[in-house]
Amino acid sequence: MQKAMYLSRYMKITGGYDIESHQRTFALDEGGSDTGIDFMIAPFDCVVKRIWEDDANEVWFESKEKVKYADGTEDYMVIMLVHDNDVSDLWIGKEFKQGDKIYDEGTKGNADGNHVHIECGVGQFYGDGWYHNWYTPSSMTINNAKRIEECLWIDDSYVIINDGGLNWRNVKDDHQYDELIQQLQQRVNELKEIKKGLEEEYEESKKEYEALKEELANMEPLPEVPLEDRGKIKFRIFLNEGESSEEEKLS
Ligand SMILES: [Zn+2]
């Protein structure tokens, strides 16, 4: 399974989450190595699903298979890239291999300086690929948006100019058994909870037992039955509430 890789070999985050035009989104702006026009690479084998030239040349790319996210999720992923000045080299159904050049920085859609606006969504492409988030009447967000550092990996070949203060995961830190260890840890925690519950129940029972023992100790002693009458008295005890015990004498 392919790991979804970050889009620019030079990471320079120039716009973070939830600020200015990114309100109510998990969008990042990638500024590339310098103020010129850098290109983005395919994070995984992917196919173009939608091109929206009327606004800022938004393009949606969907992974061809499920991919491994930086947080361990395994699912399809859609990325939306924005601001390329010219997308005439793209068409719906065009396929790319991981690492291929897929998109350029630009300023289409009144962007401040060359950059690419990036959003990642979980699962396969559907609908128009985005929806109104109602921050402004025109503001749109990719479907099933997810924080980008939880989606995309980096490796040692990336040049980090500005990481946006985010915790990016390096593929070399992905250990094969992390997931298994996490599952086992979770099971251990569940068992600890069960043990705690049983201990509480045990304490309760012990208290009930002590209370019954005390009640028994404080009970009036039973009247002595004369030796000759022993074996002649039978009790019928009704345990249902409201019914009193009945005594029946055999003569
Ligand atoms: Zn942006």
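**Notes on the predicted model**

1. The centres of domain 1 and domain 2, taken over C-alpha atoms, sit 48 Å apart. Domain 1 covers 10-173 and domain 2 covers 175-219; these bounds come from an automatic or database domain assignment.

2. Some housekeeping before you dig in. Residue numbers start from 1 along each chain, following the sequence as written. This is a predicted model, where local features need pLDDT of at least 70, side-chain atom pairs count only at pLDDT 80 or more, and totals for chains, interfaces and linings use all residues.

3. On confidence: the protein averages a pLDDT of 90, and 91% of the residues score at least 70 (pLDDT is the predictor's confidence in each residue, from 0 to 100). Helices (H or I, at least four residues) and strands (E, at least two) are DSSP runs, numbered from the N terminus.

4. Have a look at Glu20, in the loop between strand E1 (10-15) and strand E2 (28-30). Glu20 is not a glycine, yet its phi is positive, about 40°. Is Glu20 buried or exposed? Glu20 is exposed, with 9 other C-beta atoms within 10 Å. The cut-offs: buried means 20 or more other C-beta atoms within 10 Å of a residue's own, exposed means 12 or fewer, and partly exposed is in between, with C-beta atoms placed from the backbone.

5. Arg24 also belongs to the loop between E1 and E2. Its phi is positive too, about 60°, although Arg24 is not a glycine. Arg24 counts as partly exposed because it has 14 C-beta neighbours inside 10 Å.
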